[in-house]
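Hi,

Here is the structure I promised to pass on.

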Amino acid sequence: FCLLGDGELQEGQVWEAAMFAGNRKLNNLIAFTDYNNLQIDGTVSEVNDIAPLADKWRAYGMAVSECQGNDMASVVAAIEGLQQKGKPNVIIANTTKGAGISFIQGRPEWHHRVPKGEEIALALEELKDE
């Protein structure tokens, strides 16, 4: 298992590893991509767009599936639906950063910020209603 962030996919070593995994048909590899379009400098699409992501993974010889990453039933279904096709698997988990917390959701500054004091209490209260 490997977990990758979408901003991280702008780095060359990720694609070198993907090329190796695809060429060697490492069918015991499952790479999850957290695709929320946010990174420390802003949106991934504005900084250095990685779309079309599924096509890129396929070009490196990966079997690709997608799920809604903020929905655990969708994540579990994606894992259970994997088929060994003699190639590595990639699950693109389409997510919303900070899902369910009004003052964090979809805001790039929370990529590196940590909630404090009253923010923690408010976040927990909002998540309780989810």
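A salt bridge here means a side-chain nitrogen of Lys or Arg within 4 Å of a carboxyl oxygen of Asp or Glu. By that rule, the whole structure holds 4 salt bridges. Please keep in mind that this is a predicted model, where local features need pLDDT of at least 70, side-chain atom pairs count only at pLDDT 80 or more, and totals for chains, interfaces and linings use all residues. Residues are numbered from 1 along each chain as its sequence is written, and side-chain values use heavy atoms, with hydrogens and water left out.

One of the bridges joins aspartate 55 to arginine 58 at 3.6 Å, N to O. These two lie about one helical turn apart, because 3 residues separate them in helix H3 (residues 53–59); helices (H or I, at least four residues) and strands (E, at least two) are DSSP runs, numbered from the N terminus.

Another links arginine 113 and glutamate 119 at 2.9 Å, N to O. Glutamate 119 is partly exposed at 22% relative accessible area (buried is under 20%, exposed over 50%, partly exposed in between; 1.4 Å probe, protein chains only).

In helix H5 (residues 118–128), lysine 128 pairs with glutamate 125 at 3.3 Å, N to O. Lysine 128 is exposed, at 59%, while glutamate 125 is partly exposed, at 39%.

Leucine 127 also sits in helix H5 and is partly exposed, at 37% relative accessibility.

Best wishes
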